[in-house]
2 protein chains.
Amino acid sequence: MSTVIFSLRHHEDGELPSVVLPLVRRTRDPHEGQWALPGGWLDASENLEAAASRTLAETTALAPSYLEQLYAFGDVGRSPARVVSIVYWALVREDIASTPLPADENVAWFDAAALPPLAFDHDLIVEYALWRLRNKVGYSRIAHGLLPELFTLAELREVYEAIGGRRLDPANFRRQVDGSGTLIPTDDFRTGSHRPARLYRYNHDVELADRGPLPR
Amino acid sequence: MSTVIFSLRHHEDGELPSVVLPLVRRTRDPHEGQWALPGGWLDASENLEAAASRTLAETTALAPSYLEQLYAFGDVGRSPARVVSIVYWALVREDIASTPLPADENVAWFDAAALPPLAFDHDLIVEYALWRLRNKVGYSRIAHGLLPELFTLAELREVYEAIGGRRLDPANFRRQVDGSGTLIPTDDFRTGSHRPARLYRYNHDVELADRGPLPR
């Protein structure tokens with residue numbers, strides 16, 4: 001079991017936020033010293049999603065806002081011993097991702113656009129997870145999994161910009177969001193160096209994304 | 001490994017075609033005598049997709065036009081011994097599905113809308129595969145996986161009708177298909193009891209559905 005955990009990181013220089021993910025440095029062979037996805041082994045008494053949550057917590061101490069099965073990777077040559085890995089992907093809000101990782105020099109956050117070569121086939125797995133994230137953000141409300149409970153339209157737009165890798169027109173974005181009818185405006189405003197911006201929340205009655213009819 | 005294999009079956013009475021799938025009757029415990037999805041065990045020297053193709057051919061002798069990983073099912077209680085099953089789903093064209101199954105009373109086609117209770121969690125798996133089929137037919141050209149090389153617009157429409165479970169307006173359907181620009185009209189016509197209908201083929205340059213950036 002491995003998990004690709006995405007979060008966002010804002011930069012002070014006003015650049016697009018980065019999509020970031022935590023990696024774990026391997027302390028034994030194969031691929032000793034290389035960075036790899038956090039993961040672990042499935043216990044005999046554990047469901048797959050529970051194992052993904054557990055290994056994610058054990059290696060990174062993070063609590064995800066979204067968790068979904070990505071794919072089962074099982075190519076014969078992907079590891080010296082034949083290993084089929086069931087991979088999940090997760091979203092973590094930036095405020096949670098900002099809490100320090102376990103005091104371990106072998107766990108660190110990386111920019112998804114500037115990864116070192118990863119162990120096993122984990123480059124391919126991250127590429128596929130990024131594709132799923134970009135794809136799914138287009139037809140679901142999964143962007144909310146990267147936001148706190150209350151957020152401004154500019155903050156929501158930045159999530160789409162970070163995932164898509166390009167700036168969006170603020171007026172067009174506002175029109176699209178207003179038209180979708182999925183956001184609930186609150187009476188609160190974000191104040192600070194800019195003019196006050198209204199805070200929104202999303203409708204909790206609706207799932208972030210449709211993961212099919214599988215029972216939860 | 002198991003595979004949910006979908007095909008279509010036309011009826012003589014002019015009813016909507018049925019979505020059908022082959023099942024295999026179990027000849028040993030657990031669940032002896034119950035119907036189950038075709039499948040088998042992964043060989044140590046075999047990639048996952050190769051194993052799905054092989055077990056599909058061994059149990060049903062069918063050649064699929066489309067094959068995609070569905071999901072890894074691994075709930076602790078799904079089988080007496082802990083078994084994680086990586087499930088694929090496949091499409092088989094109706095003309096291929098019409099060739100006789102292996103001379104084995106333990107393999108048979110069933111209407112997806114009238115299944116017997118299945119072994120293990122295979123009811124849930126079929127439900128999820130049907131959801132994926134219905135979902136994917138809306139945003140990909142996967143319907144072509146159920147059609148022969150040349151087909152009329154009425155035949156294409158019937159695929160959508162069978163999967164969606166309801167009749168579609170022929171004029172609206174023709175407009176949508178014409179607007180999509182994905183079909184190539186040929187100079188051939190289907191003749192018979194009705195007035196001649198033009199035959200179309202689909203553009204082979206485009207994949208039936210986007211299965212992500214995974215190398216094939």
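**Salt bridges and a helix**

Author: At 22% relative accessibility, Arg54(A) counts as partly exposed (buried is under 20% relative accessible area, exposed over 50%, partly exposed in between, with a 1.4 Å probe and protein chains only). This is a predicted model, where local features need pLDDT of at least 70, side-chain atom pairs count only at pLDDT 80 or more, and totals for chains, interfaces and linings use all residues. Residues are numbered from 1 along each chain as its sequence is written, chains are lettered from A and ligands numbered from 1 in the order in which they are written, and side-chain values use heavy atoms, with hydrogens and water left out.

Reader: Ok, which side chain does Arg54(A) meet in a salt bridge?
Author: That of Glu58(A), at 3.2 Å, N to O. A salt bridge is a side-chain nitrogen of Lys or Arg within 4 Å of a carboxyl oxygen of Asp or Glu.

Reader: And is Glu58(A) buried or exposed?
Author: Glu58(A) is exposed, at 56% relative accessibility.

Reader: How many salt bridges over all chains?
Author: The structure holds 18.

Reader: New topic: what comes after H4(B)?
Author: Gly165(B), with a positive phi near 75 degrees. Helices here are DSSP runs of H or I with at least four residues, strands are E runs of at least two, and both are numbered from the N terminus.

Reader: Which residues of H4(B) are buried?
Author: Among them are Leu153(B), Leu156(B), Val159(B) and Ile163(B), along with Arg157(B) and Glu161(B).
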